[in-house]
Amino acid sequence: QRPGGDFNPETDVDYDTLRAQTIYFGFDSTVIAASQRQKLDQISEWLQANPGKQLLLAGHTDDRGTLEYNRGLGERRAQAVRDYLIGLGVSGSSLHTLSYGEERPIAFGTSENDYAKNRRVQAGVILQ
């Protein structure tokens, strides 16, 4: 699954720049919690300060549920972040979405804390 745009999501995206602005979600949820909204404001401000830059919003889930369901949930999470950023005035043409579902965990345990770390959307700067 390739996002729109002429870039390779495996090699042409820098997730380090906005790592502190990773958005986390509740179990089986696409709702952006109030506690996460300041991060979205910061992403919007970063884009304003870096005109012409584009972001890949990569959606992730924990490993509960089927592969197919989780890929859809990751996409809905990425889309929710995209919609929120557009609501802040970010141009939709600078935002691309992709879902990795459960396939790229950052925590490998089975505690609720591990699961919570994996339920996220990461904003990656597309290198052009």
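Me: What covers the buried residues of α2?
Reply: The cover includes β2 (23–24), α1, β3 (55–60), β4 and β5 (120–126). Helices here are DSSP runs of H or I, at least four residues, and strands are E runs of at least two, numbered from the N terminus. The model is predicted: local features need pLDDT of at least 70, side-chain atom pairs count only at pLDDT 80 or more, and totals for chains, interfaces and linings use all residues. Residues are numbered from 1 along each chain as its sequence is written, and side-chain values use heavy atoms, with hydrogens and water left out.

Me: Why is S99 called buried?
Reply: Its relative accessible area is 4%. Buried means under 20% (1.4 Å probe, protein chains only). S99 therefore counts as buried. Its place is in strand β4 (residues 95–101).

Me: What does the side chain of S99 reach at 2.6 Å?
Reply: The backbone oxygen of R71. A polar contact is a pair of N or O atoms within 3.5 Å; within protein, one must be able to donate a hydrogen and the other to accept it, and residues adjacent in sequence count only if both atoms are side-chain atoms. The backbone nitrogen of E75 lies 3.3 Å from a polar atom of the S99 side chain.

Me: How do you know that the span of α2 agrees with its 21 residues?
Reply: The expected span is 1.5 Å times one less than the number of residues. For α2 that gives 30 Å, and its end C-alpha atoms are 30 Å apart, so the two agree.

Me: Which residues of α2 are buried?
Reply: N70, L73, G74, R77, A78, A80, V81, R82 and L85.

Terms used. Buried < 20%, exposed > 50% of the residue type's maximum accessible area, 1.4 Å probe, protein only. Contact = heavy atoms within 4.5 Å.
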